[in-house]
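This report describes selected features of one structure. The sequence and the model are shown first, and the notes follow.

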Amino acid sequence: MENYLHLYLNLLREYRWTSIFIALDQNSLPLFPAVADTLYGALYASSHFSVTKWTFNSAKMVSEDYQAILEKFRRVSRICLFLGHGEPLRQLLIQAQVRNMTNGEFVYIGLEIFRDSSAFGSYSWKYGDDDDKVTRQAYRSLLMLGMLEEELTASLDVPVNTWPCLSRERYNLTDPYYHKVNPYLIGLYESFMIFGMVRNFKQLD
């Protein structure tokens, strides 16, 4: 979490943004609530920031619910840190465009954990539907944050380019999708390997 915390804090300090609104989607993978809680705690404890957190569940949302989020956001801040998947972010920005809240006065900041990962939904404005035109305009007010892949994989013992070779040789997976290495899954794999080594060592004793 420390890397994500520094990522946000550096951005906020760079632009001297002090009044912050965090919109957290509970219907998202656990990493997003973890980032939201860490970030909220750090901002709340600082005398330099004023922070408000709004939690919602996108699985139960309709357009009026997104409007309620935006109304609260308008009253307390101009900077919205959205933590959730791509589609709810898109819906929020569509409603923001309708309410004239993408005119440059408000800034929306999303977090993309892995680039081009379907697990989090598409963060693109382009879905090939009737809302594309509106969304394209709304996305001019959106900043997307993410960690460099080098930072995510720097601490791994297994070279990243080893995994595509293994997937091809052992399982005949040649689709480029399987060549996108998920560093968190590699970390989990290495954890099991370490556990196995410790278990074997104890059995030798």
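## Two loop residues

N100 lies in the loop between α4 and β4; helices here are DSSP runs of H or I with at least four residues, strands are runs of E with at least two, and both are numbered from the N terminus. Although N100 is not a glycine, its phi is positive, at about 60°.

R16 also has a positive phi, of about 55°, and is not a glycine. R16 sits in the loop between α1 and β1. With a relative accessible area of 73%, R16 is exposed (exposed means over 50%, buried under 20%, partly exposed in between, using a 1.4 Å probe and protein chains only).

## Basis of the model

The model is predicted: local features need pLDDT of at least 70, side-chain atom pairs count only at pLDDT 80 or more, and totals for chains, interfaces and linings use all residues. Residues are numbered from 1 along each chain as its sequence is written, and side-chain values use heavy atoms, with hydrogens and water left out.

## Helix α3

Helix α3 covers residues 63-76, which is 14 residues. From its first C-alpha to its last it reaches 21 Å, close to the 20 Å expected at 1.5 Å a residue (the expected span is 1.5 Å times one less than the number of residues).

Buried residues in α3 are Y66, I69, L70 and F73. They lie on the same side of α3, because they cover an arc of only 95° around the axis; the arc is that of the directions from the helix axis to the C-beta atoms. An α-helix has 3.6 residues a turn, so residues three or four places apart point the same way. The buried residues of α3 pack against β1 (19-25), β2 (50-56), β3 (79-83), α4 (86-98) and β4 (107-111), where contact means heavy atoms within 4.5 Å.

## Helix pairs

α3 and α4 pack with their axes 9 Å apart, at an angle of about 75°. Axes are lines fitted to C-alpha atoms, for helices over the stretch in contact, and angles run from 0 to 180 degrees between N-to-C directions. The two helices α3 and α4 are therefore roughly perpendicular to each other (65 to 115 degrees; under 35 is roughly parallel, over 145 roughly antiparallel, the rest oblique). In this pair, S63, Y66, Q67, I69 and L70 of α3 meet P88, Q91, L92, Q95 and A96 of α4.

The axes of α1 (residues 2-14) and α2 (residues 31-45) come within 10 Å and cross at roughly 50°. That makes α1 oblique to α2. Residues Y4, L5, Y8, L9 and L12 in α1 meet L31, V35, T38, L39, A42 and L43 in α2.
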